[in-house]
Amino acid sequence: MSDKKITDYQQNTLLAHAGLAPRENHGVVNPPVYHASTITFATMEQYETRDTIAYDGPSYGRSGTPTQFAFERAVTALHGGHKSVAYPSGLAAIAGAVNTFVKNGDHILVADTVYGPTRSRVCGTILARAGVDVEFYDALIGAGIKDLVRDNTVLVYMESPGSLTFEIQDVPAIIGALKGTGIVTMIDNTWASGYFFKPLAMGVDVVVEAATKYTVGHSDAMLGTVTVATENHYQLLKAMANSYGYHAAPDDCYLGQRGLRTIGVRLERHQSNALEVANWLQSRDEVARVMYPALPSDPGYKIWKRDFAGASGLMGVELVDAPKAAVAAMIDSYDLFGIGASWGGYESLVQSCYPAKIRSARPWTGTGPTVRFHIGLEDTVDLIENLSRGFEKFNAARK
Ligand SMILES: Cc1ncc(COP(=O)(O)O)c(C=O)c1O
């Protein structure tokens, strides 16, 4: 056997093996699902060491089972991180990670284009009640972030591309501008996942992902992850997760680790399908603009090409001006695009959306109705046939 570490391998090799320990599990390839509340110890001495920093095994079901630890090891390897913590959902991961690094009286900078509940629930509810001053910044700010830093700024929270409108942030410029300030940088990396974008390698401190999406990949579990680069950040994060009593369910951790085995092939297919559909949509008279960073015409294309290894299946579309009823006629006509808010599973989805309602630093200037498509793993000829039919209904209802 060689002495190579899992992270010495190429990405898809790593995904096929990270976190697994068949020799510890009777040779079984996948980690077993451990259902547990009580964990027992052989001796009083062992019992009393369970709460020490040096101990990283299971101590009580709530704070993690071997299934959760196997999943966390695989996520950490994909990100090239130090350690990860699994959470019961993506939003729980965001709330848990943000709360780890802020306190009453602090100021934080949050990208204007973050996932809606990050803005309304984490910032608008939890942090508002905690007396944390949240300032939303223009996602295109780049190095200009420095001008917004105050004496009490402790955290910069990014998401790239932004939710619904897909602006790509210049992460290296932001990290460069904050160097030496001690400000913690955090990013929601759900769109690209650790497969297509590696924020830790760019100097970001904390990576948050809704594993519910591409990691699980089959629309059947809720899960979140946070990955960090240092032991200090890990200890803070884990202590906060334990304080909230967060528990990532064993079956969902199992599905998360299983999803990781195929995330590479799935994302490559999401990407090729999405590119084909995005190009087709862009050629249509009904479309004012496709928001997808992998299109050379997209304003974020240059930075995306420089920093990302690929694009996933989620994109926004601004339609030409039309009444709401025309958009509804289009969406309701689809057979293959489920109408739903989530994404990242194998199937295509569509939803109506209203970015103007959730932008403050850079008001939304789009004038037509906006929809979001998740392009799944189906054959594109069928997806395009569905979309064509939708446009016929759209046009008929506009007349
Ligand atoms: C970008 C982004 N981050 C986080 C989340 C939250 O994830 P979850 O639904 O697992 O709480 C979502 C969910 O849609 C999302 O789109």
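Modeller: Helix H3 (residues 66-79) and helix H9 pack at an angle of about 30°, with their axes 8 Å apart. Helices here are DSSP runs (H or I, at least four residues), as strands are (E, at least two), and both are numbered from the N terminus. The axes are lines fitted to C-alpha atoms, for helices over the stretch in contact, and angles run from 0 to 180 degrees between N-to-C directions. The model is a predicted one, in which local features need pLDDT of at least 70 and side-chain atom pairs count only at pLDDT 80 or more, while totals for chains, interfaces and linings use all residues. Residues are numbered from 1 along each chain as its sequence is written.

H3 and H9 are therefore roughly parallel to each other (angles under 35 degrees count as roughly parallel, over 145 as roughly antiparallel, 65 to 115 as roughly perpendicular and the rest as oblique). H3 passes H9 in a left-handed crossing; a crossing is left-handed if the near helix is turned anticlockwise from the far one by less than a right angle, and right-handed if clockwise. On the H3 side, the contact is made by Thr 67, Gln 68, Ala 70, Phe 71, Ala 74 and Leu 78. H9 contributes Pro 250, Cys 253, Tyr 254, Gly 256, Gln 257 and Leu 260. Two residues are in contact if their C-beta atoms, placed from the backbone, lie within 7 Å.

H12 (residues 380-398) has 19 residues and reaches 26 Å from its first C-alpha to its last, close to the 27 Å expected at 1.5 Å a residue. The expected span is 1.5 Å times one less than the number of residues.

Within H12, the residues Leu 383, Leu 387, Gly 390 and Phe 394 are buried. They lie on the same side of H12, because they cover an arc of only 55° around the axis; the arc is that of the directions from the helix axis to the C-beta atoms. A residue is buried if 20 or more other C-beta atoms lie within 10 Å of its own, exposed if 12 or fewer, and partly exposed in between, with C-beta atoms placed from the backbone. On the face of H12 turned away from its buried side are the exposed residues Val 381, Asp 382, Ser 388 and Ala 396.
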